[in-house]
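This briefing is for a reader new to the structure. Please look over the sequence and the model before reading the points below.

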Amino acid sequence: MKAFLINKYTKGGLQLTDVSLPKIKNNEVLVEIYATGLNLLDSKIKTGEFKLILPYKMPLILGHDLAGIVKEVGKNVKKYNVGDEVYARPTDFHIGTFAEYITVREEDLAFKPKNLSMEEAASVPLVALTAWQALVEIGRLKKGQKVFIQAGSGGVGTIAIQLAKHLGATVATTASAKSFDFLKEIGADVLIDYKTQDFEAILKDYDLVLNSQDNKTLEKSLNILKAGGRVISISGPPTPEFAEAIHANWLVKMVTRFLSFGIKKKAKKLGVDYTFLFMKADGNQLNEITKLIESGIIQPIIDKVFPFGETNKALEYVENGRAKGKVVVKIK
């Protein structure tokens with residue numbers, strides 16, 4: 001099969017090459033990939049930014065989102081059959097969706113929403129699971145609460161706004177003014193132009209913040225929370241609790257303690273909580289998201305679809321940070 005991979009950490013492009021078809025284990029299915037979603041995570045792994053917490057072996061096929069058709073099932077797989085349309089965010093150390101085929105653990109898979117194309121479905125898993133784990137699993141966002149979702153027009157932002165609105169929250173977000181109308185349509189209540197306005201001067205007494213920006217923005221986010229409020233950051237710094245959860249070695253635990261010390265100290269002083277979220281694969285949560293998509297509550301937002309041969313061009317487009325919603329590569 002054809003696949004885009006790296007042989008070492010690099011700031012350069014991926015290499016298109018022929019590799020062997022993956023062999024399935026008893027608890028896995030072989031999926032023919034029709035489309036894959038691109039994420040900044042792919043770029044960060046490519047350059048080695050996450051090598052401490054995700055020490056991948058080379059060569060490495062990148063890619064964290066897929067939609068496709070089941071071609072083969074392992075003998076212990078009960079839920080899926082050959083021909084089923086599925087989508088997934090494969091678990092860490094089992095990634096590789098920039099390819100024509102992949103093996104996926106049964107527990108990471110979900111049936112593709114019936115009302116979505118392959119390209120639309122491929123845009124969903126990583127960002128929707130991130131939003132779900134931040135707002136539902138960790139944040140426990142409730143009706144009547146207030147949530148600040150940064151970078152509303154991005155991949156995570158567009159899904160998180162819709163999910164937060166479904167949960168009954170008041171939603172504030174940052175974006176450029178040209179995105180305001182579109183963000184109102186998907187559920188944003190308070191719109192802040194990040195180029196001309198300071199969210200810290202506008203927002204106060206918020207219950208939850210979904211932080212996806214730099215450390216300066218993270219520190220300011222602590223100041224808009226009410227006592228007992230929480231910042232959940234998907235852009236770091238990682239915490240010792242996270243290192244513990246992934247069974248990291250002593251060095252990673254020490255590094256995360258050092259990196260998160262300042263922000264945790266400031267949060268404690270303000271009587272709020274800081275949590276780092278590195279989303280995980282979860283087929284059951286993806287099935288819950290499927291129900292919301294099929295009932296029209298959440299709709300994926302796609303900026304651009306590239307052909308498979310232009311995967312490097314697509315990744316560059318993601319890296320420039322201007323995409324509205326998700327960028328997808330069509331493989332079949």
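The model is predicted, so local features need pLDDT of at least 70 and side-chain atom pairs count only at pLDDT 80 or more, while totals for chains, interfaces and linings use all residues. Residues are numbered from 1 along each chain as its sequence is written, and side-chain values use heavy atoms, with hydrogens and water left out.

**Domains**

- The chain is assigned domain 1 (2-125 + 281-330) and domain 2 (139-276); such bounds come from an automatic or database domain assignment.
- Between the C-alpha centres of domain 1 and domain 2 the distance is 25 Å.

**Interface of domain 1 and domain 2**

- In contact (heavy atoms within 4.5 Å) are 13 residues of domain 1 and 17 residues of domain 2.
- About 1200 Å² is buried between domain 1 and domain 2, and carbon and sulfur atoms give 73% of this area. Buried area is the accessible area (1.4 Å probe) that two parts lose on being put together, summed over both.
- Of the area that domain 1 buries against domain 2, 38% is supplied by Leu-52, Ile-53 and Lys-324, more than by any other three residues.
- Two residue pairs are in polar contact across the interface, both at pLDDT 80 or more. A polar contact is a pair of N or O atoms within 3.5 Å; within protein, one must be able to donate a hydrogen and the other to accept it, and residues adjacent in sequence count only if both atoms are side-chain atoms.

**Salt bridges**

- The structure has 19 salt bridges, each defined as a side-chain nitrogen of Lys or Arg within 4 Å of a carboxyl oxygen of Asp or Glu.
- One of them joins Lys-2 and Asp-18, at 2.9 Å from N to O.
- Lys-2 is in strand 1 (residues 2-6) and Asp-18 in strand 2 (residues 15-18), so this pair ties together parts 16 residues apart in sequence. Strands (E, at least two residues) and helices (H or I, at least four) are DSSP runs, numbered from the N terminus.

**Aromatic pairs**

- There are eight aromatic pairs. Rings of Phe, Tyr and Trp (its six-membered ring) pair if their centres lie within 6.5 Å; planes under 30 degrees apart count as stacked, over 60 as edge-to-face and the rest as tilted.
- Phe-50 and Phe-278 form an edge-to-face pair, because their ring centres are 5.7 Å apart and their planes are at 80 degrees.

**Backbone**

- Most residues other than glycine have a negative phi, and most peptide bonds are trans.
- The peptide bond between Met-58 and Pro-59 is cis, with omega about -10 degrees; Pro-59 lies in the loop between helix 1 and strand 4.
- Gly-236 and Pro-237 are also joined by a cis peptide bond, with omega near 5 degrees.
- Ala-151, although not a glycine, has a positive phi of about 50 degrees.
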